[in-house]
Amino acid sequence: MPCVQPDGTLSTTGRLMLSAVQTNSTVEDVATTTGMVLYRVRSVLRELIEAGFVVEANGRFSQTEQGAAKASKPG
Amino acid sequence: MTVIEEPEARIGLPRLNEPAPEFDAVTTHGALKLADFEGSWLILFSHPADFTPVCTTEFIAFAEIYPELQKRGCELIGLSIDSLYAHIAWVRNIEEKAGVKIPFPVIADLDRKVATAFGMVMPGESKTEASRCVFVIDPKGILRAMIYYPLSTGRNMDEMLRLIDALQTADANNVATPANWRPGDKVLVGAPKTTELAEERVAEGLECVDWYLCKKSL
């Protein structure tokens with residue numbers, strides 16, 4: 001996964017996207033916050049979900065506890 | 001005697017006004033699915049090979065029109081039957097040598113799944129490379145236009161923009177566009193389906209050569 005390395009390290013884009021996910025964010029919300037195009041947001045969110053950092057319900061995205069911990073760590 | 005057949009390179013061509021074949025591909029921007037582009041127009045184009053002259057000029061040209069495509073709500077994605085590492089090396093080389101950053105993703109279709117689904121390989125031209133194909137997919141995932149160019153001929157970027165403009169104008173106004181149409185030119189009104197409508201059409205005050213060939217301004 002390009003945005004999430006096997007050791008769980010996030011790329012710059014992965015970190016930016018995870019930080020942009022608030023409680024019940026839509027894809028459009030994340031695109032607006034990050035300035036990234038929709039297709040890229042959908043792709044990276046999928047990776048963050050697979051890594052366990054984000055959950056999706058009814059088209060809305062939220063950080064998991066693991067994701068919140070990752071987002072709060074520098075680097 | 002046992003005959004070992006080569007894998008079928010081309011199952012068939014996709015069809016206009018039908019859903020474009022779904023894909024889930026490895027690209028230079030990560031894993032992307034066709035569904036990721038929902039809500040945007042999309043130009044999916046293939047090229048024969050990385051690090052080749054015509055393809056390099058095309059990539060630079062596609063990068064140059066990318067801002068104009070974005071103004072039209074249209075994304076771009078390239079494809080060739082090359083590895084991800086070849087793609088990465090090539091786009092970095094283009095930036096280094098030509099000063100042009102490639103802003104769109106490129107599919108690494110080594111297993112030919114996408115190329116086969118879209119009928120991009122023309123065995124009469126090359127059994128190992130994709131031809132220069134262009135597929136225009138609308139925001140609902142419907143295939144709206146296809147263009148095929150041979151290996152020897154680089155594509156015309158003005159035509160890419162003109163095609164997107166024409167499709168969007170036709171959709172927004174329920175009209176057709178004549179040969180060589182450009183934004184701002186008059187558009188064609190659909191031909192009447194009955195003699196009654198034909199008579200009415202002539203009386204409508206449109207610019208008509210005859211009842212079946214009428215233009216109007218938008």
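User: Is B:Lys101 buried or exposed?

Analyst: B:Lys101 is exposed, with a relative accessible area of 58%. Exposed means over 50%, buried means under 20%, and partly exposed lies in between (1.4 Å probe, protein chains only). One caution: this is a predicted model, where local features need pLDDT of at least 70, side-chain atom pairs count only at pLDDT 80 or more, and totals for chains, interfaces and linings use all residues. Residues are numbered from 1 along each chain as its sequence is written, chains are lettered from A and ligands numbered from 1 in the order in which they are written, and side-chain values use heavy atoms, without hydrogens and water.

User: Which residue does B:Lys101 meet in a salt bridge?

Analyst: B:Glu95, at 3.7 Å, N to O. A salt bridge is a side-chain nitrogen of Lys or Arg within 4 Å of a carboxyl oxygen of Asp or Glu. B:Glu95 is partly exposed, at 36% relative accessibility.

User: Why can side chains pair like that?

Analyst: Because side chains of opposite charge can pair when their charged atoms come close.

User: How many salt bridges are there over all chains?

Analyst: Twelve, from a search of the whole structure. One of them joins B:Lys97 and B:Glu96, with the closest N and O atoms 3.6 Å apart. B:Lys97 is exposed at 63%, and B:Glu96 is exposed at 59%.

User: Which residues do shared partners join into one network?

Analyst: B:Glu68, B:Lys71, B:Arg72 and B:Asp165. Within it, B:Arg72 and B:Glu68 meet at 2.8 Å, N to O.

User: New topic. How many salt bridges cross the interface of chain A and chain B?

Analyst: One. It pairs A:Arg46 with B:Asp36 at 2.8 Å, N to O.

User: What area is buried between chain A and chain B?

Analyst: About 880 Å², with carbon and sulfur atoms giving 48%. Buried area is the accessible area (1.4 Å probe) that two parts lose on being put together, summed over both. A:Tyr39, A:Arg42 and A:Arg46 supply 65% of what chain A buries against chain B, more than any other three residues.

User: How many residues does the contact take from each chain?

Analyst: Eight from chain A and twelve from chain B. Contact means heavy atoms within 4.5 Å.

User: And chain A itself? What is its secondary structure?

Analyst: Four helices and two strands. From the N terminus, they run α-α-α-β-β-α. Helices (H or I, at least four residues) and strands (E, at least two) are DSSP runs, numbered from the N terminus.

User: What share of chain A is buried?

Analyst: Buried residues make up 45% of its 75 residues. The C-alpha trace of chain A spans about 30 × 20 × 20 Å along its principal axes.
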